Amino acid sequence: MTYKPKITRKVMIFDLEKPIYGSAYAIWDKWLKIAKEKKLKLVINTQFGTATFESANEYLKNAKKIERYYKNPNEPMVFLAT
C-alpha cells in the first residue's frame, strides 16, 4: 500500500489507517512541506474521528517529531504526530 494523501486545490486529505505508536497518528514531513508551500488546509481522518487544520503551521504548533528508519539505516524518515 502506498501512503499518499488526496490533494485538491484547497485541501490535503489524509486517510490514516494505522497509528505509528499506540494511538498516535503521524504525517510524513514531506507532505507537510507541500501543504505549507501550497497553503492547503489539512483534513485528517482516523478511526477515532476527523481533525481539520486551517494550515500546516497550525498542525505543526502541537506536533511531536518522530524519526523512523526504514529503507536507509543512515537516513531517518521524519514524521510529525499530534
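Contact here means heavy atoms within 4.5 Å. The model is predicted, so that local features need pLDDT of at least 70 and side-chain atom pairs count only at pLDDT 80 or more, while totals for chains, interfaces and linings use all residues. Residues are numbered from 1 along each chain as its sequence is written, and side-chain values use heavy atoms, with hydrogens and water left out.

Asp29 belongs to helix 1, which covers residues 29-38. Is Asp29 buried or exposed? Asp29 is buried, because its relative accessible area is 19% and buried means under 20%, exposed over 50%, and partly exposed in between, with a 1.4 Å probe and protein chains only.

## The whole chain

Now display the protein chain as a cartoon. Its secondary structure comes to two helices and seven strands. Helices (H or I, at least four residues) and strands (E, at least two) are DSSP runs, numbered from the N terminus. Followed from the N terminus, the elements run β-β-β-α-β-β-α-β-β.

The C-alpha atoms fill a box of roughly 35 × 30 × 25 Å along the principal axes. The radius of gyration of the protein chain is 12 Å, which agrees with the value near 12 Å for a compact globule of 82 residues. This radius is taken over C-alpha atoms, and the globule rule is 2.2 Å times the number of residues to the power 0.38.

Of the 82 residues, 30% count as buried. Among contacts between residues at least 6 apart in sequence, 42% join residues at least 24 apart.

Switch to a surface view. The protein chain exposes about 6000 Å², of which carbon and sulfur atoms supply 51%; such areas come from the Shrake-Rupley method with a 1.4 Å probe, and for residues only the protein chains shown count as cover. The chain has 16 positive and 8 negative charges, and their mean positions are 3 Å apart. Lys and Arg count as positive and Asp and Glu as negative, without His and the chain ends; each charge is placed at NZ of Lys, CZ of Arg, CG of Asp or CD of Glu.

## The nonpolar cores

Next, select Met12, Phe14, Ile27, Leu32, Leu42, Ile44 and Tyr59, which have the most contacts inside the largest nonpolar core, a set of 15 residues. Strand 2 (11-15), helix 1, strand 4 (41-46) and helix 2 (56-61) each supply at least two residues of this core. Which element supplies the largest share of this core? Helix 1 does, with three residues. A nonpolar core is a set of buried Ala, Val, Leu, Ile, Met, Phe, Trp, Tyr and Cys residues joined through side-chain atoms within 4.5 Å.

Centre the view on Ile44. Apart from neighbours within four places in sequence, Ile44 is in contact with Phe14, Leu16, Ile27, Gly49, Thr50, Ala51, Phe53 and Tyr59. A second, separate core has five residues, including Ile20, Ala26, Ile66 and Phe79.

Move to Phe79, in strand 7 (residues 77-81). Phe79 is buried, with a relative accessible area of 10%. Leaving aside neighbours within four places in sequence, its contacts include Ile20, Ala26, Trp28, Ile66 and Tyr70. Asp29, where the tour began, is also in contact with Phe79. Between the C-alpha atoms of Phe79 and Ala51, 28 residues apart in sequence, the distance is 17 Å.

## Partly exposed and exposed residues

Select Asp15 in strand 2. At 36% relative accessibility, Asp15 counts as partly exposed. Beyond four places in sequence, Asp15 touches Lys6 and Asn45. Its C-alpha atom lies 9.2 Å from that of Gln47, 32 residues apart along the chain.

Thr46, in strand 4, is partly exposed at 21% relative accessibility. Not counting residues up to four places away in sequence, Thr46 touches Leu16 and Tyr25.

Asn57 lies in helix 2 and is partly exposed, with a relative accessible area of 42%. The C-alpha atoms of Asn57 and Lys36, 21 residues apart in sequence, are 7.2 Å apart in space.

Finish at Lys39, in the loop between helix 1 and strand 4. Lys39 is exposed, with a relative accessible area of 72%. Most residues other than glycine have a negative phi.
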